[in-house]
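Colleague: I am new to this structure and would like to learn how to read its features. Please take me through them one by one.

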Amino acid sequence: MTLPASSRFQFTSDLGICRILNGMWQVSGAHGAIDPTRAIEAMFAYHDAGFTTWDLADHYGPAEDFIGTFRRQFAGRYGEACLAEIQAFTKWVPRPARMTRRTVEEAVGVSLARMGVQCLDLLQFHWWDYANESYLDTLSHLADLREEGKIRHLALTNFDTERLRVITDHGIRTVSNQVQYSVVDRRPEARMVGFCRDHGMTLLAYGTLLGGLLSEKYLGRSEPRRSELTTASLQKYKNMIDAWGGWALFQELLAVLKEIAGKHRVSIANIGVRYIVDRPAVAGVIIGARLGISDHLADNARAFGCGLDASDNAAIEAVLAKSRDLMQVIGDCGAEYR
Ligand SMILES: NC(=O)c1ccc[n+]([C@@H]2O[C@H](COP(=O)([O-])OP(=O)(O)OC[C@H]3O[C@@H](n4cnc5c(N)ncnc54)[C@H](OP(=O)(O)O)[C@@H]3O)[C@@H](O)[C@H]2O)c1
């Protein structure tokens, strides 16, 4: 399998990424037990197929260590020079408190050591509590570490548009914000996309496949019971569907997506990815990878071979018009965490 050139995106002047990123929350333990040896072997399969970009975090169980092991084995197989083909985007999700330069430097140091790199490609910063304004000092320390070469690019995750503005007004440059964005959750379109476009930022989308609910597997199925939702992601996005409009409306949406998918000879997941990847300001879509447990590589590659037309978008819009406005129900991006 070789992905087409359209699978690549110039994320920054010095970093090209695959527009489908491999999400590593799925190795954290909350999505089934992961065997490290099988997981690392699976990482080679993803990379070799063209899925070269990884999304991880300090708190996703062994994810940062997996990157470290993968890089070491990769250098052994393909040579040190080829390590530049891998992009590994981590996050730092500290408990809100006053942050000294030393605390910030130590946290970054831990990620550097675990991932086996001299410089983090991208550090995405999350902050739980806007009332604690230490996030601005913390970001300033991170920006200093970027100037010193420990972080290549600084980014955010789950910040709302109001705080993107505060951060930008403080003169802190960030390249992207990682937010939930799917055919069900289109909150980024209310305010965030416009801000990103005006300020040269991009979005990395997660939750696009709703933990797997946005697929043939759930088409025509009765509403799953809590006990049937066996991963943290299925539980998270089932809640989102409930807030959005409920299972019956979701079935209507799946039926329309299936029709569109049939027309383009692809899967529902492919249509769900394409719908988001083609939106303004979107750099890429993160798809969770249960490494060594399940594998959707071949199917996800097909998302690069299709495109939605005006009639497809109109059919989707007709269903979405019946849903609740999540901006009203939840608030801007990231509000579900606060
Ligand atoms: N910043 C944040 O706060 C945040 C929050 C959540 C997630 N994330 C990031 O986003 C990543 C994705 O996580 P997510 O929770 O949003 O999950 P997701 O990508 O919506 O769902 C992943 C699941 O979808 C299923 N799947 C993948 N490709 C498929 C296909 N082609 N057809 C059918 N099913 C398919 C797989 O289920 P099976 O394995 O069961 O087959 C997979 O485990 C995470 O790993 C993480 O990197 C970030």
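Colleague: How many Å lie between a polar side-chain atom of Tyr 337 and an oxygen atom of the ligand?

Modeller: First, the ground rules: this is a predicted model, in which local features need pLDDT of at least 70, side-chain atom pairs count only at pLDDT 80 or more, and totals for chains, interfaces and linings use all residues. Residues are numbered from 1 along each chain as its sequence is written, and side-chain values use heavy atoms, with hydrogens and water left out. A polar contact is a pair of N or O atoms within 3.5 Å; within protein, one must be able to donate a hydrogen and the other to accept it, and residues adjacent in sequence count only if both atoms are side-chain atoms. For Tyr 337 the distance is 3.1 Å. The side chain of His 296 has an N or O atom 2.7 Å from a ligand oxygen, and for Trp 25 a backbone N or O atom is 2.9 Å from one.

Colleague: How much of the accessible area of the ligand does the protein cover?

Modeller: Accessible areas come from the Shrake-Rupley method with a 1.4 Å probe; for residues, only the protein chains shown count as cover. On its own the ligand has 920 Å², and the protein covers 92% of that.

Colleague: Which residues are closest to the ligand?

Modeller: A residue is near a molecule if one of its heavy atoms lies within 4 Å of it. Here 29 residues surround the ligand, and the closest are Gln 26, Asp 55, Gly 211, Ser 294 and His 296.

Colleague: Which element gives the most to this shell?

Modeller: Helices (H or I, at least four residues) and strands (E, at least two) are DSSP runs, numbered from the N terminus. Strand E10 gives the most, with three residues. The protein chain has twelve helices and ten strands.

Colleague: What is the volume of the second largest pocket?

Modeller: Rolling a probe the size of a water molecule over the atoms shows where empty space is left. On a 1 Å grid over the protein atoms alone, a cavity is a set of points where a 1.4 Å probe fits but cannot get out; a pocket is an open set with protein on both sides within 12 Å along at least five of seven lines, and lining residues have an atom within 4 Å of a point. Grid points are joined across faces, edges and corners, and a volume is the space filled by probe spheres set on the points. The second largest pocket has about 210 Å³. It is lined by 14 residues, and Arg 71, Val 117, Cys 119, Asp 121 and Arg 152 are the closest to its centre. Helix H2 (63–78) and strand E6 (120–125) each supply at least two lining residues.

Colleague: How many cavities of 30 Å³ or more does a search of the whole structure find?

Modeller: The search finds one. The largest cavity holds about 30 Å³ of space, and its lining includes Asp 58, Lys 91 and Trp 92. Helix H3 (101–115) supplies the largest share of that lining, three residues.
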